[in-house]
Amino acid sequence: MKQGLQKLIIPLSATALLLGACGNDAPSSKGETLISSKAGDVKVEDVMKDIGNNQIASSSFKLLLGKILEDKYGDKVDDKQIEKDIDSQIEKYGGKEQFESLLKQQKLSMDEYKEQRKLIEYQKRLLNEKVDISDKDIKEQTKKASHILIKVKENDDDKEGLTDKEAKKKIEEIKKQLDKNPKNFDKIAKKESMDSSSEQNGSLGYVVKGQMVEPFEKALFKLKEGEISDVVKTDYGYHIIRADKQTDFNKEKAQLKTKLIQNKLQEEPELLTDAYKDLLDEYKVDYKDRDIKNAIEDSILNPESLQKAAQSSHGGQGLGV
């Protein structure tokens, strides 16, 4: 997505030629000529050298994967729900014009973005089939939570929060109030919490293990439903945490499973590469070019290479989920 338009178009065109997608007259080998002139010819192998096998392999695999996933899961994905989700995003980012401007910065049109969203949903379906996570696993690794946060200033110039002494005093006063009447948690969180979650009475929704800083997570996962923690200190300040009742677990568990799969892929990237390999076998994929085959196997279907590429491109935010 960070590539310029020209760099994006060229490998896709070259891929189409290499896969024989340009009609009966398309070159069938790297030695065949694409353009001839008095100064010399341009052959398929020249274009491949200029672009690089890895880039061609990446584009080829992306196109191939899209076709296979659409064939396998196209009728199982709710296009109307995707449209609704995109409409919600458009509203969140300040309207269609603003949203399209953000897409443009990433060299994407709205139609291309919609196709990407579909591809993500297809991949979710694939991984849900391949990665075994039970309802029990989900319940053990997630908690629904609310909190009250009194921020501590990072320095004297920080406009948000209180000094450590002031923050500690304030959170201890709040804890005394809650000890007397725990039912006032929502009301106090809305009024006193120095966090955006105060607008939802302190609600953080479902928290997945590994999502929060360690002291917060450690305290939360010790709580039973409805219980309120003692004061917890983190780098952000002082918290009081409540474990909320998971009344909507069945509604949320599919999304929670997706998050847990994403976490699992960070530790075991071979889960994704194995899923891809199974898919390629199922669809009897036949590579027509040995260099492209080797590049795909060495990069995209290699767990270590895939993990490194994901971390460098997305800051470690998952592997294709």
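User: What are the helix and strand percentages over residues 96-130, and how far apart are the end C-alpha atoms?

Analyst: This is a predicted model. Residues 96-130 are 89% helix and 0% strand. The end C-alpha atoms lie 36 Å apart. UniProt, in an unreviewed entry, lists this stretch as "coiled-coil region".

User: How is a pair of aromatic rings described?

Analyst: By two values: the distance of the centres and the angle of the planes. Rings pair if their centres lie within 6.5 Å, and planes over 60 degrees apart count as edge-to-face. By this rule there are three aromatic pairs here. One of them joins Phe61 and Tyr276: 5.4 Å centre to centre, 65 degrees between the planes, hence edge-to-face.

User: Which parts does the pair of Phe61 and Tyr276 tie together?

Analyst: Phe61 lies in helix 3 (residues 53-73) and Tyr276 in helix 12 (residues 270-282), so the contact ties together parts 215 residues apart in sequence. Both Phe61 and Tyr276 are buried.

User: What geometry does the pair of Phe99 and Tyr113 have?

Analyst: Edge-to-face, at 5.6 Å centre to centre and 75 degrees between the planes. Phe99 is in helix 5 (residues 96-105), and Tyr113 is in helix 6 (residues 110-130). They are 14 residues apart. Both Phe99 and Tyr113 are buried. Ring pairs also bring in Tyr93, giving a cluster of Tyr93, Phe99 and Tyr113.

User: Which charged ends sit over rings?

Analyst: For Lys, the test is NZ within 6 Å of the ring centre and within 35 degrees of the ring normal. The charged end of Lys139 sits over the ring of Phe249, 4.9 Å from its centre. That of Lys209 sits over the ring of Phe221, at 5.2 Å from the centre.

Terms used: Residues numbered from 1 in each chain as written. Predicted model: local features only at pLDDT ≥ 70, side-chain atom pairs only at ≥ 80, totals over all residues. Heavy atoms only, no water. UniProt positions renumbered as here; feature names shortened; annotations may be inferred. Helix = DSSP H or I, 4+ residues; strand = E, 2+ residues; numbered from the N terminus. Phe/Tyr/Trp six-rings, centres within 6.5 Å; stacked < 30°, edge-to-face > 60°. Buried < 20%, exposed > 50% of the residue type's maximum accessible area, 1.4 Å probe, protein only.
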